[in-house]
Amino acid sequence: KVQQEVFVLQGSRLKEMILEKAHMSNMSFQPGETKMYHDFKKNFLWYGMKRNVIRYVARCLTYEKAKVEQK
């Protein structure tokens with residue numbers, strides 16, 4: 001089986017759309033930035049992707065609330 005990645009161009013609104021869609025689909029268990037990044041890199045590729053994923057998850061209030069509740 002050949003794994004294929006989608007290369008997303010720099011400055012594309014598609015990056016934000018991918019982040020939003022993926023994060024919304026995982027809202028029930030909030031995977032966090034590391035898991036989300038590793039899931040992403042299986043299918044997508046763009047310059048600064050890890051940084052973008054970390055920033056996106058950090059802005060998520062639901063994720064922050066879940067982290068506090070787990071402590």
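User: Which residues make up the largest nonpolar core?

Analyst: Twelve residues do: Val 8, Ile 18, Leu 19, Ala 22, Met 36, Tyr 37, Phe 40, Trp 46, Met 49, Val 53, Tyr 56 and Val 57. The elements giving two or more residues to this core are α1 (13–25), α2 (32–40) and α3 (49–58). α3 gives the most, with four residues. Helices here are DSSP runs (H or I, at least four residues), numbered from the N terminus.

User: What makes a set of residues a nonpolar core?

Analyst: The set must hold buried Ala, Val, Leu, Ile, Met, Phe, Trp, Tyr and Cys residues, joined through side-chain atoms within 4.5 Å. Buried means under 20% relative accessible area, exposed means over 50%, and partly exposed lies in between (1.4 Å probe, protein chains only).

User: Where do these values come from?

Analyst: This is a predicted model, where local features need pLDDT of at least 70 and side-chain atom pairs count only at pLDDT 80 or more, while totals for chains, interfaces and linings use all residues. Residues are numbered from 1 along each chain as its sequence is written, and side-chain values use heavy atoms, leaving out hydrogens and water.

User: What does Val 53 touch?

Analyst: Val 53 touches Leu 19, Glu 33, Met 36, Tyr 37 and Phe 40, leaving aside residues up to four places away in sequence. Contact means heavy atoms within 4.5 Å.

User: Why do the buried residues of α2 line one face of the helix?

Analyst: The buried residues of α2 are Gly 32, Met 36, Tyr 37 and Phe 40. Seen down the axis of α2, they fall within an arc of 155°, so they line one face. The arc is that of the directions from the helix axis to the C-beta atoms.

User: Why is the pair Lys 35 and Asp 39 called a salt bridge?

Analyst: A salt bridge needs a side-chain nitrogen of Lys or Arg within 4 Å of a carboxyl oxygen of Asp or Glu. The closest N and O atoms of Lys 35 and Asp 39 are 2.7 Å apart, so the pair qualifies. The side chains of Lys 42 and Asp 39 also meet in a salt bridge, at 3.9 Å. Shared partners join Lys 35, Asp 39 and Lys 42 into one network.

User: Where is confidence lowest, and where highest?

Analyst: It is lowest in helix α4 (residues 61–70), at a mean of 59, and highest in α3, at 87. These are pLDDT values, the predictor's confidence in each residue, from 0 to 100.
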